[in-house]
Protein chains: 2
Amino acid sequence: MNEHITLEAIARLEDAPDARFKAVMTSVVKHLHEMVREVEPTMAEWEQAIRFLTEVGHWSDDKRQEFIILSDTLGITMLVDAISNQKPEGATETTVLGPFFVEDAKSLPYGANISESGDGEATLVTGSVSGLDGEPLSNARLDVWQAGPDGFYDVQQPNKFPNGNLRGVFHTDEAGRFAFCTVKPAPYPVPTDGPVGRMLLAAGRHAWRPAHLHFIITADGYQRVTTHLFVSGSEYLDGDVVQAVKASLIVDFTQCDDPDESTRFNLPIPYFKLDHQFVLAPEI
Amino acid sequence: MNEHITLEAIARLEDAPDARFKAVMTSVVKHLHEMVREVEPTMAEWEQAIRFLTEVGHWSDDKRQEFIILSDTLGITMLVDAISNQKPEGATETTVLGPFFVEDAKSLPYGANISESGDGEATLVTGSVSGLDGEPLSNARLDVWQAGPDGFYDVQQPNKFPNGNLRGVFHTDEAGRFAFCTVKPAPYPVPTDGPVGRMLLAAGRHAWRPAHLHFIITADGYQRVTTHLFVSGSEYLDGDVVQAVKASLIVDFTQCDDPDESTRFNLPIPYFKLDHQFVLAPEI
């Protein structure tokens with residue numbers, strides 16, 4: 001029914017000079033039209049959709065990205081991730097970027113503490129970055145960020161943390177090793193004060209994510225990895241609101257009381273420790 | 001491939017209390033996932049899509065609605081219109097609202113001139129509003145708006161026209177008649193200074209619409225009609241960028257030199273005249 005409208009909309013893309021743009025937009029038009037044909041919206045519902053998308057746009061800026069939260073909570077981001085981030089066996093798996101990544105976080109030395117406030121359970125994160133054959137990657141860059149024990153990222157509390165908190169950039173040493181101190185992350189809900197929060201409520205869904213640390217890892221000649229490490233035993237590992245959990249990314253935070261390590265990294269006893277090996281695939 | 005992600009995203013809508021919301025969102029998730037699976041976007045393309053939608057949101061407010069322009073230029077609005085505005089034989093056909101409707105325009109008396117500046121070719125618009133059996137509808141409301149001969153709506157030139165121009169609300173008299181003076185509309189491009197303009201450029205498409213007047217007509221007990229009247233012979237009647245032209249909405253603007261009418265409506269000679277009968281279907 002009304003096929004001529006869809007055929008005409010697709011025909012109008014015929015002269016697009018870029019073949020990829022033409023293919024993408026043709027698919028966009030085709031699938032959005034199929035959706036409309038299935039949903040049979042009233043004009044009032046169409047107006048509601050326009051208002052919703054507009055509001056999502058108004059909530060989005062460089063500190064909070066409501067369109068990313070929308071994509072994440074509809075499973076779209078993880079589908080794009082699954083399709084576009086296929087890594088070879090043995091390489092660290094990827095997951096969502098999330099809406100709270102900030103460009104140009106401060107660069108910190110080996111072992112530095114990213115917790116400004118110190119609130120929460122002290123945690124030492126150590127590990128390495130290597131290639132598929134185990135070759136250590138020196139000077140690999142790790143962008144690290146996480147929410148505090150109250151479930152908020154620094155950018156959600158600009159008055160409390162004007163200079164960033166629980167966020168930093170580290171580089172691996174000659175042996176491909178890195179270390180930093182932080183506090184143990186806690187589960188938290190994606191922000192529900194915006195339009196996506198209303199959508200989750202209308203869907204009868206909870207908004208929670210299991211406890212996790214964010215990483216983006218880059219090294220010359222290797223594929224970038226955007227990923228999380230999830231805290232084993234955390235609530236919501238089943239049922240993450242953004243469907244981002246992969247089994248290989250769930251890691252143990254072990255309670256430790258090593259006095260030498262405690263002194264070296266200026267940590268109270270006991271502290272938690274997480275050690276993880278990131279493996280990057282070579283660029284294609 | 002990756003069907004589990006889609007099935008999980010759909011399963012999360014299971015507890016939505018409102019059946020319509022659940023059906024709509026299930027269709028949205030299903031079709032967006034199908035689109036992603038067909039397009040196979042890279043993460044960079046996904047990021048580009050997020051940025052595009054965000055920008056469309058930032059360009060949208062109560063004076064300029066870029067999401068409506070996006071929906072219009074992808075043929076989605078006309079598809080929704082075709083599905084949701086099915087009128088019985090003989091009733092005036094509907095078309096797009098467009099992005100420049102403004103609530104609460106000024107109410108004007110029979111015959112008033114909506115052109116503040118007077119720039120353009122003087123035009124008298126007369127007509128009637130009736131029901132399907134020809135019964136005249138008195139006190140029917142006509143919301144009228146159009147672009148000027150330079151192709152801009154008043155809200156696009158807030159410094160030039162702070163109080164509205166080429167925009168007004170009229171009511172039919174006892175005999176269901178209305179009349180107002182204006183200037184002949186001209187073809188114009190949808191705004192191309194925003195993200196949708198870039199999309200049209202990338203698609204190798206022109207941005208033009210044929211000359212038209214906008215109407216929303218409401219009367220107690222009858223279905224609202226949102227429509228245009230297009231100027232017969234106008235450029236772009238074939239190829240309207242928003243696919244909004246329907247044959248029944250193309251009307252003649254006839255050149256006239258009736259001295260009595262010219263005096264009565266305070267129009268120069270010659271002037272253009274358009275007479276049109278709007279027919280509303282009863283509320284269901």
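Predicted model: local features only at pLDDT ≥ 70, side-chain atom pairs only at ≥ 80, totals over all residues.
**Stop 1**

Show chains A and B together. Chain A can be laid on chain B by a turn of 180° with a shift of 0.0 Å along the axis, and the RMSD is 0.0 Å. That is the relation of a two-fold axis. To find the axis, select A:Gly57. Its C-alpha is the one in chain A nearest the axis, at 2.0 Å. The same surface serves both: 100% of the contact residues of chain A recur in chain B.

**Stop 2**

The crossing is right-handed.

Which residues make the contact? On H3(A), show A:Ile50, A:Leu53 and A:Thr54. On H4(B), show B:Phe67, B:Ile68 and B:Ser71. By class, the contact of H3(A) with H4(B) has 4 nonpolar and 2 polar residues, and no charged ones.

**Stop 3: a loop lysine**

Go to A:Lys106. This residue is in the loop between helix H5 (76-84) and strand E1 (122-131) of chain A. Is A:Lys106 buried or exposed? A:Lys106 counts as exposed, because it has 11 C-beta neighbours inside 10 Å, and the cut-off for exposed is 12 or fewer.

A:Lys106 and A:Arg167 are 61 residues apart in sequence, yet their C-alpha atoms are 7.7 Å apart in space. Finish with A:Gly164, A:Gly168 and A:Val169. A:Lys106 touches these three, leaving aside residues up to four places away in sequence.

Technical notes. Residues numbered from 1 in each chain as written. Chains lettered and ligands numbered in written order. Least-squares fit on C-alpha atoms with pLDDT ≥ 70 in both. Contact = placed C-beta atoms within 7 Å. Left-handed = near helix turned anticlockwise from the far one by under 90°. Helix = DSSP H or I, 4+ residues; strand = E, 2+ residues; numbered from the N terminus. Nonpolar A, V, L, I, M, F, W, Y, C, P; charged D, E, K, R; others polar. Buried ≥ 20, exposed ≤ 12 C-beta atoms within 10 Å, placed from the backbone.
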